[in-house]
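The following report describes a single protein chain. It begins with a side-chain contact and then turns to a second residue, the principal pocket and the overall fold.

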Amino acid sequence: MAVAAAAAVGAAAVDANSAWYHGLATPRWQPPRWAFGAFWPLLHATTAWSAGRAWSQAGERERTELVVALTVNLSLRTAWSWAFFAARSPRAGLVSTLLLDASNLHLIRTTARRDRRAAAALLPYAAWCLFATALNARITRHNPRR
């Protein structure tokens, strides 16, 4: 439920059809718009599965640690959409995605202490976020006044 809520709140900020977004200089290697819509639901699903699996195998103390790590991660995931799209700030988006990358590492480590399979399921999400960080960095570099 938390993953779906974070996805909905983040999606509310995204306007990939805005004149502002289309006015950004983007690299040739940016995926087509449909790729984001295709990958994110899968990444949300694996995050939810991973959280549920690790939660079900954790003790009370570990559950608290997992909930905190996941809550921070989902908050940062949502914050990126608002920083980049709603605030129209590639720089703020870059800061958000760098924090998200650090949070992904922490979430994977926290999850791995309870369940390595659940942690491994988070690796595509972390990889996609690292790719998004590189993309965001390139957009920031090529749009210094935005």
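In this predicted model, the side chain of Ser89 reaches the backbone nitrogen of Ala92 at a distance of 3.0 Å. Ser89 itself is located in the loop between α4 and α5. With a relative accessible area of 16%, Ser89 falls under the 20% limit and therefore counts as buried. When neighbours within four places in sequence are left aside, the residues in contact with Ser89 are Trp20, Ala83 and Phe84.

Not counting residues up to four places away in sequence, Ser50 touches Thr111, Ala118, Ala119, Ala121 and Leu122.

| Residue | Location | Relative accessible area | Contacts beyond four places in sequence |
|---|---|---|---|
| Ser89 | loop between α4 and α5 | 16% | Trp20, Ala83, Phe84 |

Attention now passes to the pocket. The largest pocket has a volume of about 650 Å³. Its lining comprises 28 residues, and those nearest the centre are Val14, Phe36, Trp40, Trp80 and Ser81. Which helices each supply at least two residues of this lining? They are α1 (2–11), α3 (33–57), α4 (60–86), α5 (90–112) and α7 (123–142). By residue class, the lining of the largest pocket divides into 18 nonpolar, 8 polar and 2 charged residues.

The overall fold remains to be described. The chain contains 7 helices and 0 strands, and its pattern along the sequence reads α-α-α-α-α-α-α. The radius of gyration is 16 Å, close to the 15 Å that the globule rule gives for 146 residues, so the chain is as compact as a globular protein of that length. Along the principal axes, the C-alpha trace spans about 50 × 25 × 25 Å.

Two further quantities characterise the packing. Among contacts in the chain with a separation of 6 or more, 78% are accounted for by residues 24 or more positions apart.

Key:
Residues are numbered from 1 along each chain as its sequence is written. This is a predicted model: local features need pLDDT of at least 70, side-chain atom pairs count only at pLDDT 80 or more; totals for chains, interfaces and linings use all residues. Side-chain values use heavy atoms; hydrogens and water are left out. On a 1 Å grid over the protein atoms alone, a cavity is a set of points where a 1.4 Å probe fits but cannot get out, and a pocket is an open set with protein on both sides within 12 Å along at least five of seven lines; lining residues have an atom within 4 Å of a point. Grid points are joined across faces, edges and corners, and a volume is the space filled by probe spheres set on the points. Ala, Val, Leu, Ile, Met, Phe, Trp, Tyr, Cys and Pro count as nonpolar, Asp, Glu, Lys and Arg as charged, and the others, Gly among them, as polar. Buried means under 20% relative accessible area, exposed over 50%, partly exposed in between (1.4 Å probe, protein chains only). A polar contact is a pair of N or O atoms within 3.5 Å; within protein, one must be able to donate a hydrogen and the other to accept it, and residues adjacent in sequence count only if both atoms are side-chain atoms. Contact means heavy atoms within 4.5 Å. The radius of gyration is taken over C-alpha atoms; the globule rule is 2.2 Å times the number of residues to the power 0.38.
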